[in-house]
Amino acid sequence: MQLPPELIKSLELLITTPILLISLAISLRILPTILFASMGELVTEKSGVLNLGIEGIMLVGAFTAYMVTVAYGDPLAGLLAAILSGLVISIFFSYIAVVLGVNQAAAGLGLWLFGLGVTGALYNSMAPVGVSVKTLGSPLSVSSITPILGSREVAELVVSLTSPLVVVSLALVPITYIFLRKTLWGLTVTSVGEDPASADAIGINVNRVRILATIYGGIMASIAGAYLSISYLGDFRHGMTAGRGFMALAMIYAGNWDPVRTFIASLALSYIDALQLSIASSSLELARRYYFFNMIPYIAVILIILVLGRRAKPPSALMKPFKKT
Amino acid sequence: MKRAKEAFLTITLYIVAILAGFMAASTVAITYNIGFLDSLGILAVSPFADLFNFSEVLVRFIAIYTIALGVAIALKAGLWNIGGEGQFLVGAVMTLFIAKSLSTPHPALTMTTMMLGAGFFAMAWALVPALLKARFGVNEIVTTLLLNIVASSFTLYALDGPIRGQGSFGYLLSDVLPSELRFPALLKYPRAIETSSGVGFVWEDTRLSYALFITLAMAIILYIVVERSPLETHLGVVARSWRLASYAGINVFRIVVALMLFAGFTAGLSGALHIMGVLYRLDSGQIDHGFGYLAVLAAALGRAKIVGTALASIFISFVIIGSESLQRVSGAPYAITWVFVGTVMVAITIVEYIRGWRPSAATA
């Protein structure tokens, strides 16, 4: 049995270059997409609703943010427009999933395919070709702070860490933790997802809590998409989320519906993703075989679930619509 | 009388759901400067334009329905195999790999090995999601979907390595399947040619092959084995509640794994049939074929019934041919098909709600 040549070359790179450190900066730039999506969806799922359509909402968010930024030249306007798109879609989804109580798996899948189709078709007909937009990035630049910090790798790390949406996404972890564990609202969300009948008996409006949690998750998903197009890349591409929304769903499993553990799983995944990206782009010869490296993060997701998520227990009422009797 | 009324209502609701999909797709098509009614017209008429277009409908039907059979059987137990998209691809890769590396005394033997090999390889592809679902309750939609992305990269990897064609000149494509390993064409169509004495016709093979009978035979067997036996009820119990099912003496672990693996098998087989009957080779353009997701829609639209799924698959095939014509006329990308599929998926969940059917999704 012979190892693929890509693997041997990658191991060489790991030992002989500072690629592990460089990847850390890149992973911090990849992380927010999964973090926004997973922290939002975590609250949604805690309330007992599974929104499989976040991938679609992310795509619509990314597309809306890009188009509005192209039109107005201001990435903040793009971000607001993306939030609005997430709000509209998730109001619709929460209505059919919570109020009507339809099959959440099928509706979520439909939402994803709809988002994939609509953004792909409209991008082709409406978007200007090859226009990169001003991004919502760090006020610092790598070249200006490298002399102060002494090393380029550290400078890259600092620039990544000072990008506004990166900061917000990292802040979401303690916020979500405190919200779910230490506040009455968070406990309400959890109770609705665990035992809706009892929650209802003590006077909680189960469906209202679920609708709000679903809308919150949808808005976070649209920000996750907007981050990709107007902060990370400055561009839009058909299907650019590339399964990141589904990865976020998987990270919630791996983290056993706990914000901190979900964050650790997401960080591990982003780091693996960044590592394969920097290895694949380290030489032309490896870049030509990108499809070998492209498999790695997706396989990593499955491995992370196997390692971390084995004893995961979903909220008891996940995907179970509540009808007052 | 009451039953007829109920059936009428159901059919009407499904038609409304499908119309909603057409409306959404045609609305998006407006951005390609094509009128709303024009695009609806193209969608409806072009599949019947000539014999060739009609045969192409059946070509799509074979690919979609073969995958959809597995999806439908699993869906009876509330399991969603979204992985058909990738399992189809790895099946196609395995088909070509066997064709390249195996030589048997008789082509029929090689062809059988190719089909079974593709099916079993795709089954192996489905194994991890199956075990994760059955053992830990990990959502099978998420895992099978992520493996689709792995499958498309794997296919490119294979096209650059094990099944790379002799004369591919740096393009990612495989060798063409030798003619004795292909399914013969089932139908010929008259193609107009210019001859010395005006316009004449030659009869040419369509891409519709005898693979159709393999799909239909499988459907009939499944109908007898699953829908005409207590298995149907067992699967329904699993769909309702795993706990309930195990109280009733059903081995949930075994049934969940078996269903997910079977769904993988049919998807892999579909990939084999598509290579052996239609494409004869694989290239990088095939990695977003979309049949796996269309099969999910077919099974959902057909209410996970063998006959219903067949009708839904044939209907979806008509839509695909229509939408391909629409794409040629308007320059719209394939993505427009997903607008239709996504809208219909959401709409049928609402139809199911109106009809008072219980949502089917297995939870541990």
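The following legends describe close-up views of a predicted model. Local features are given where pLDDT is at least 70 and side-chain atom pairs where pLDDT is 80 or more, whereas totals for chains, interfaces and linings use all residues. Residues are numbered from 1 along each chain as its sequence is written, with chains lettered from A in the order in which they are written.

**View 1. The side of chain A that touches chain B.** In this interface 47 residues of chain A are in contact with 44 residues of chain B; two residues are in contact if their C-beta atoms, placed from the backbone, lie within 7 Å. Helices α4 (75-100), α5 (104-126), α12 (244-254) and α15 (290-308) of chain A each supply at least two residues of this side. Helices (H or I, at least four residues) and strands (E, at least two) are DSSP runs, numbered from the N terminus. The largest share, 18 residues, comes from α5(A). By class, this side of chain A has 34 nonpolar, 12 polar and 1 charged residues. Ala, Val, Leu, Ile, Met, Phe, Trp, Tyr, Cys and Pro count as nonpolar, Asp, Glu, Lys and Arg as charged, and the others, Gly among them, as polar.

**View 2. The packing of α12(B) against α13(B).** Helix α12 (residues 306-330) and helix α13 (residues 335-354) of chain B pack at an angle of about 140 degrees, with their axes 10 Å apart. Axes are lines fitted to C-alpha atoms, for helices over the stretch in contact, and angles run from 0 to 180 degrees between N-to-C directions. The two helices are therefore oblique to each other, a class left after angles under 35 degrees (roughly parallel), over 145 (roughly antiparallel) and 65 to 115 (roughly perpendicular). From α12(B), V319(B), I320(B), S323(B) and Q327(B) meet I336(B), T337(B) and F340(B) of α13(B). This contact has 4 nonpolar, 3 polar and no charged residues.

**View 3. The loop residue N256(A).** N256(A) lies in the loop between α12 and α13 (259-280) of chain A. Its phi is positive, about 50 degrees, although N256(A) is not a glycine. Most residues other than glycine have a negative phi. N256(A) counts as partly exposed, with 16 C-beta neighbours inside 10 Å; a residue is buried if 20 or more other C-beta atoms lie within 10 Å of its own, exposed if 12 or fewer, and partly exposed in between, with C-beta atoms placed from the backbone.

**View 4. The loop residue R303(B).** R303(B) is placed in the loop between α11 (291-301) and α12 of chain B. The phi of R303(B) is positive, near 50 degrees. R303(B) is partly exposed, having 19 other C-beta atoms within 10 Å.
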